[in-house]
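Please look over the structure shown here before turning to the points below.

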Amino acid sequence: MTDNGFHNEMAKPMTTREFFRLSEFIHTQCGIKMPPGKKIMLEARLQKRLKSVGAATFGEYCEYLFNSPGSQDELVQMINAVATNKTDFFREPGHYPILTDTVLPSFVDPAPGSGQCFTIWSAGCSSGEEPYTLAMVLSEFAVHHPGFRFSIVATDISTKVLEKAKLGIYDEERVAPVPLVIRQKYLMKSKDRSKGQVRITPELRSLIRFERVNLMDEQYRRPELLDVIFCRNVIIYFERVNQEKLLVRLCNSLRSGGHLFLGHSETVHGFDLPLQRVTSTVYRKTA
Ligand SMILES: C[S@@+](CC[C@H](N)C(=O)[O-])C[C@H]1O[C@@H](n2cnc3c(N)ncnc32)[C@H](O)[C@@H]1O
């Protein structure tokens, strides 16, 4: 409280000790590195959480988060507040022709009754722009290649972005990178035009299974082997040791000959992995 009896808008700055408590926890739980240079960012992202649980200081917030029974939900909310979710439709567009021209042709004309279905995982899918882009690209491919079947699973640690992804509602300016013919086919305009929003069609939405998965969970295994994994702009936030552990697990989830797509500034260079380079960010599993 201030002298005049009103609460300040912002909590008083986080102490170094509080920062290390929170950053260590975030790092071990989600892999996201939080060096001291991120203190201001962490303070800003957690302001709303303090208000929400009624904590006046970061010390009180830490007490609540780490020591009170029933704070499980707040751990989820805290991770939601801290994760960086930047994404776009058709982000890093060069990956999509590689998918359709290099990867998919071997899935065309499967032997009748073989049951072969192309499987893809968007790991760290954020608010859905990446898996919906994949659903559009794969649906278009299927139009031109009858018999081609696919399944998409999309996962993220943040329940907030997963809720948005499942809804599939976006501001109109967000879908600008989607080619017009594809937009007309897979996006619906809001009835209330003043909202300036579009929604992914129910058919396209139904093609994706969204699940909460923590990629740092060493026990986690996908039940199926994947043909392709998109894990783009996720490991960039991880320490090198966690990058390697995650990449090993992703390789274990890929079938032999399957492909891994990383973000433009991410690499497997220096790691001992069963991967062969296709381009600087696309790799093929060798064994
Ligand atoms: C920058 S976004 C990238 C989204 C999308 N792949 C793209 O390239 O546009 C990174 C996403 O990874 C998620 N993420 C971060 N750490 C994670 C973890 N340990 N497990 C699962 N997802 C995680 C974040 O919540 C965020 O939505």
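The following notes take up the model, its confidence and the ligand.

1. The model is predicted, so that local features need pLDDT of at least 70 and side-chain atom pairs count only at pLDDT 80 or more, while totals for chains, interfaces and linings use all residues. Residues are numbered from 1 along each chain as its sequence is written, and side-chain values use heavy atoms, with hydrogens and water left out.

2. The chain has a mean pLDDT (the predictor's confidence in each residue, from 0 to 100) of 93, and 95% of its residues reach 70 or more. Over residues 1–7 the pLDDT is below 50. Where pLDDT is low, the predicted coordinates should not be read in detail.

3. A ligand nitrogen atom lies 3.0 Å from a side-chain N or O atom of Glu 130, and for the side chain of Asn 214 the corresponding distance to a ligand nitrogen atom is 2.9 Å.

Key: Polar contact = N/O pair within 3.5 Å; in protein donor to acceptor, adjacent residues only side chain to side chain. Contact = heavy atoms within 4.5 Å.
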